[in-house]
Amino acid sequence: MSTLIILVVFLLLVIPPAAGLPGVPALLSLALQLLCSLPRTRRLRGWWLVAGQAALFAWMGPVPFGGPSAFFAASVLLVARGPLRWVLFGGVTAAAGAVNLGADAYVWVNAVGNTATQGLVVFALTRLSDLRDELHATRAELAARSVAEERERAGHDLDAVLGSTLSRVIGLAAAGRAGEIPPLTRRAARQVRQRPEPPPIPPPGDLTPRLALPILTVVYLWVPVAAIIVIARAPVPAGLRVAYWAAVVAVVALQAYHALPRPPGVRPRHAAWTLPAQLLLAWLPLLEPDRPYYQLVGWAAAALLIVIPAPRLAWALYAAVVASVPAVLLARSGSAAGVPAALVEVVGLSAMFYGLTAVTRLVYQVRESRLALAGLAAARERRRIAQDVHDLIGYGLSAITVKAELAARDPARAEAELAGVVTVARTALADLRAIPDDGEPGLSLRAELASAREVLEATGATVEIDPDPAPLPAGVDALLAVVVREAATNVLRHSEARHVTIALTTGDDLVRLRMDNDGVTGRPDEPGQGVANLTARLAARGGRLTTASRDHRFRLDATVPARR
């Protein structure tokens, strides 16, 4: 869309106000500008463009309507950098005035004003198109940076909260202070079970790029000045002249209100009143018998495209409003003289102001989608980290709690159990520090089954594993290891189990893991975060998780494709 807008606006800028055909220098100037403004060829932009536009500007001589001189002014803005660009831009604008010194004051003012404002429009449309493509191209980079920042933040937070707890547990176990360990690990377990807060999404900032708003301000100020000068020269009564000036100011003010940068889909408030008012004020000068000021219709026509959300309706009304200008002119004079020029000028003005607003909105949309993607990536990473913390660290905290309580109750077993506490805490600490950088936990099913047996038997339960697992693909093995770890955690937290059975079967290219336990307390039929995490993990690999509870027994079934 931005390419089409650039093509239409640039083409209309080289058509003379008398609706004649543009000369060879003007067409060459247009070709040069398009070559360095369109997305596919903008890489050719360089100082040669400025030199070429300068040569064509000297060839053409006085051009009071802007157009080619505006391309020259825009080229220096696109190629030069820093304050130099604005110095050169002022020099080009002054040169446009210098070559028109022999004309009357109106022509001179028009040449200077059109060169400056049209040059700013060409520059703005080109840079907005550049920015849109740049933002679109860096969406993935921003998302990756957001994920990296989330991982760094999570690493600091996890180390500050859980890392310090596990380090303290190791110290307490080494000192033989078993009774102080369970309160620490229970508090840490509650933190692990909390759902993560959504990450903050950076604010969108200004709805327009940095230079767009100043450029729009300059353009919006110049056009009414030019209109006021034209009306001042028109042979109309003083009272009517003041009314026309008031109409110009009102139409421009309403246009600025309608074109203010807004999020996509947000219409100006009271548009049902302000848009018809702008159309009426813009169209009334057409009824003036001597010299109707039809340029305001271009502003109102652009407002139709900006404000009305339905494209077909907006373009249909736009065509009707634009067509009304030649229709009224023909009806009043009966002559086609000046009608083509009026049509070109109305279409050109509407294209410029609609183009600036439309391309600015495109930039805003890309910027918003870029920020949204970054926010989603950060949120997804935060959920992934929280899921791993819950699934991988929760078991370790529960196991530490069990072993520490046994050590506190039974002095004969204290040394062995506290040694186990140290081992589990160090393993959990290593897992914790690896979580922010790796979404795939590196666990072993065989090791997790052995750990589950040890911890559950320490609580007095009998554990049967039937049969021992055969070698499985690494991803499947690690996934089922997470299932065993979370299932064992649930047994420790939600039951007083005396008998636990773990069965592993393969067949039909599927691996099935079933875990049964008795002694259920509470409401295990209400799935918590752990079951939800496991369900999501299995679903991501094409697997499935089901749970059932009955008569104080709980069953968990996990199925996953064997070759995933």
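Predicted model: local features only at pLDDT ≥ 70, side-chain atom pairs only at ≥ 80, totals over all residues.
Residues are numbered from 1 along each chain as its sequence is written, and side-chain values use heavy atoms, leaving out hydrogens and water.

**Stop 1: aromatic rings**

(Rings of Phe, Tyr and Trp, the last by its six-membered ring, pair if their centres lie within 6.5 Å; planes under 30 degrees apart are stacked, over 60 edge-to-face, the rest tilted.) Trp 86 sits in helix α5 (83-98) and Phe 123 in helix α6 (105-137), 37 residues apart. Helices are DSSP runs of H or I with at least four residues, strands are runs of E with at least two, and both are numbered from the N terminus. Show Phe 89 as well: it forms one aromatic cluster with Trp 86 and Phe 123.

Next, select Phe 57 and Phe 72, a tilted pair at 5.5 Å centre to centre and 45 degrees between the planes. Phe 57 belongs to helix α3 (47-60) and Phe 72 to helix α4 (68-79), so the pair ties together parts 15 residues apart in sequence. Both Phe 57 and Phe 72 are buried.

**Stop 2: two packed helices**

Now select α10 (238-259) and α11 (271-283), which pack at about 145 degrees with their axes 9 Å apart. Axes are lines fitted to C-alpha atoms, for helices over the stretch in contact, and angles run from 0 to 180 degrees between N-to-C directions. Residues making the contact (heavy atoms within 4.5 Å) include Leu 254 of α10 and Leu 281 of α11.

**Stop 3: the sheet**

Finally, colour the five strands of the open, mixed sheet, ordered β1-β2-β3-β5-β4. Two strands pair if DSSP finds at least two bridges between them. At the edges are β1 (462-466) and β4 (544-550), each pairing on one side only. β1 runs parallel to β2 (499-507) over five bridges, and Ile 465 stands opposite Ile 502 in β2. Helix α16 (445-458) lies across β1, β2 and β3 (510-517), at about 160 degrees to β1.

Key
Buried < 20%, exposed > 50% of the residue type's maximum accessible area, 1.4 Å probe, protein only.
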